[in-house]
Amino acid sequence: MYLQLNKLVCSLVLLCFTAGGMTDSLYVFVPRGNLVKAVWIPSDLIVELQSPAGKFWQTMGFSAHGKQCLHPEEALYLMECGNLQVFYQDLPLSIQEGYERFLYSKTMSIQHYQVFGHLKRLGYVVNRFDPSSVPSQYERQLNLPQSQDRSGRLPKRKRSHSPTSRHTGTQEGPTKRMEEEKDCNREEEDKNPYFLPDLSAPDIDEIQTASHVDPTTLTEGGQSRSWWSMEGSLDPDPELPGQPQSSPRWDFRSIPFPDLGSRRWLPSSLTSPDPCLLPGAVGLVGACDVAPWLQRLNLREVRMSRRERERDRDRYQRDINQDTEVRRCRNWAEYQELQERRIQRSRRDRPAHLWEGPVTPLHDPAQVTSTGELLDKISVIKSTRLLEGASSLKGSEEWRICFNIYQPDTVAEFKKSAPGKPYSRMCVCSFDGPVPDLWTLKLLAFQSGDIPVTYAVVDHGDISFYSFKDFQIPTDVSF
Amino acid sequence: MDSPEPKRTVSREDASKESMAISRQVIGINFCGPTPLMWRADELKSARELGIIGTLVGSLARQPRQNTRLGRPLELLPEEGRLLADMGRAAVIPDSTNEDPEVNPEQVQQYHAGMENSFQEQGAMALEDRKTTLLRVMTAKHNGEGTSSLTYRHLCDTSESCVLALTPLCFLLEDSGSQEDSNGAVRDRLEALDHGFSFPRTAMAVQLCTARAGLSHCPEVRRLLATDWPIPRDERSETRFRVFRDLRRQGFYLTSAGKFGGDYLVYPGDPLRFHAYFIVVCISMDESMPLCDVLAIARLGSNVKKTVLLCSSGESQEDDGEEVVYTSLQWSGMV
């Protein structure tokens, strides 16, 4: 087949040269059977496949309302490789038109595409970054399996059947923004980053209003939803800009939780909670009688041993009138002298000229301490880690993470629905722009979670990769 | 030796005519965002002859999955594009993607007609190809070569896309009888081909275009469509352009030098044949450069064995009469 096709190619090339009609084309001839056809949809900014996808489907593309789709940069890359032919208004697009139509804005510019293409040609798996898919610190601590299963799959663990909206209320799940949509599409196989990752920081107020959605829509997913992951994804809604929310849905500071154990205030009954905090079907609940709950609390006196009681008495229950030394004082002046003497006794090791002034020594030699602690005390600059203070940083328009990169040797087992942890995340910049400052580094490192961030600097076709590693200067002292 | 010479001069004339045609051509530059790109192979050639190198940034058509050699489009430095436009050798083709008409039925019809023609031609060529193979088999058998079985196997392997039943061929393989019989069978096969050959659509080769086909390569249309070069607003771009133009006038070839911490790399000739001599850093006349920056760039230059040029352009606004001031940095001892 190869030999025959080769001869065909040679004769066809000759034909084109002699015909002279078409100029300047890609002299690649692909057998029609291997060429996947697709259509460009500018309103959604996606490319929709019209014939079944080939081998590239394993690592690229996503499903949307029953059809296989590709992002513009993926489509352009496949066009350059000769695997895909994209039609617009019934005519095939050339590579030039692909560049002009698909690389449209700051979110997917030609520099981003150059980085994307460079890495794909080396064999890496490159996906768009979705900020809400990064698990929070708490989730990482819990070490939950990062499944992005759609609602069609049953969770492996059996758990008590409870209304799902209560769980979604407490979860700090990925892809919170999808709760705004109504449809749950069970046919989705993989994570669908429909919207371009827009890392402008979401307002807390916006989250509140967004989360006060009719909870009944969330229960539509049914029992077969895994409680820690997102429910089914939805149709791309181009009007709604993607609002990735990575903070929790509930603002716990504003929800009053009664403290039934406090001795100071014992309410007789609790008022009805705000209906928006309750599962939708429950509605208004009446006031709650506290008495049966209090009975269940352990309000008994603590029984202390004799030693504990003595200690208690000596420390906390000293009555100054019972003190014999105080009784011997006949007037106020003598009492003050007594106090003075007592203080002096306790501060025997500390000379007054050092310790009574406004400036006191940093360290009392009588106190036992180690060299390391001493060094810490005298250090002026405290060492810090990259992620310190990073959680309070707001997002930036200029700097954002664009891609997730997975290593080439994982391609064989790569599954779009469960890609696992990426090898790195990529941020694209150029030598013309500013150098990333510490604020940017902290922001992006925090957004990336525990995956290192690589900065791809594009300089007219040349790409260099830089990364910043958190590094602690080693201390030579044994603690 | 008179006879070979006339031929040589004729061919030289042709070549010079061709180069003149290329040199008179107006190069089209398309913008993708703020980046100027060039798409046509002949224009790349003419630009290179003018000293504009650029960088290839697309996938190479015949080997798309590697990064060592890239293909079109050619990305230009903004200064390169501006120089071409100023020289009158290039024109900016505006982006026509925003004016989206509806489906153009004429063009669609043309496209489908073209595809049909291509399919017919390919079908005819495939048939010819098949016939010549069979003929070669026949003649091979005639000459009594022992390669007949191999050729049969070749036929069997390549008959996937053709309606050729394998059984008669296998029968032929087994039948090691007289050559006359097998030749007769092959002749019958040839006739059957003429009647029953069909070239399936899935085997058709399809052409994928790199550059946009159409009117825009015609120079007159290009002049009509062309827009002006976007004027840069800041002083730094202006300085860079003046330095670029001056160095280009002196015959040097320049490429971008982000990897080397500078603005341009200066080559005495084509970059494919020479190493760079200088790293150019453009700064404005009144700007003061911190000493650690000077040290850094000097160190870098001495490590890569290139001379660092600090360049500033003069104050005058006109094109003529301005001068570019060059300062070179060289690491030397206290001699």
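Here is a short chat about a predicted model, its sheet, its rings and its cores.

Visitor: Hi! What should I know before I start?

Guide: This is a predicted model, where local features need pLDDT of at least 70, side-chain atom pairs count only at pLDDT 80 or more, and totals for chains, interfaces and linings use all residues. Residues are numbered from 1 along each chain as its sequence is written, chains are lettered from A and ligands numbered from 1 in the order in which they are written, and side-chain values use heavy atoms, with hydrogens and water left out.

Visitor: Thanks. In what order do the 5 strands of the open sheet in chain A come?

Guide: The order is β8-β11-β12-β13-β14, with mixed pairing. Strands here are DSSP runs of E with at least two residues, helices are runs of H or I with at least four, and both are numbered from the N terminus. Two strands pair if DSSP finds at least two bridges between them.

Visitor: Which strands are at the edges?

Guide: Those are β8 (125-128) and β14 (462-467) of chain A, each pairing on one side only. From one strand to the next, the twist averages 30 degrees.

Visitor: Which helix packs on that sheet?

Guide: Helix α14 (residues 438-448) of chain A does, touching β12 (424-430) and β13 of chain A. Contact means heavy atoms within 4.5 Å. The direction of α14 makes about 125 degrees with that of β13(A); axes are lines fitted to C-alpha atoms, for helices over the stretch in contact, and angles run from 0 to 180 degrees between N-to-C directions.

Visitor: How many bridges join β13 to β14(A)?

Guide: There are 6, and the two strands run antiparallel.

Visitor: Okay, new topic. How many aromatic pairs are there over all chains?

Guide: A search of the whole structure finds 14. Rings of Phe, Tyr and Trp (its six-membered ring) pair if their centres lie within 6.5 Å; planes under 30 degrees apart count as stacked, over 60 as edge-to-face and the rest as tilted. A:Y77 and A:F116 are an edge-to-face pair, 6.3 Å centre to centre with 85 degrees between the planes.

Visitor: Where do A:Y77 and A:F116 lie?

Guide: A:Y77 is in helix α2 (residues 72-81) of chain A and A:F116 in helix α4 (residues 110-122) of chain A, so the pair ties together parts 39 residues apart in sequence. Both A:Y77 and A:F116 are buried, meaning under 20% relative accessible area, while exposed is over 50% and partly exposed in between (1.4 Å probe, protein chains only).

Visitor: And what does A:Y455 pair with?

Guide: A:Y455 forms an edge-to-face pair with A:F468, at 5.4 Å centre to centre and 80 degrees between the planes. A:Y455 counts as buried at 3% relative accessibility, whereas A:F468 is partly exposed at 42%.

Visitor: Last one: which residues touch the most other members in the largest nonpolar core?

Guide: Of its 42 residues, those are A:L70, A:L84, A:V86, A:Y99, A:F102 and A:F403. Such a core is a set of buried Ala, Val, Leu, Ile, Met, Phe, Trp, Tyr and Cys residues joined through side-chain atoms within 4.5 Å. Helix α2(A) gives the largest share, 6 residues.

Visitor: What about a second core?

Guide: A separate core of 28 residues includes B:I29, B:I52, B:L77 and B:V324.
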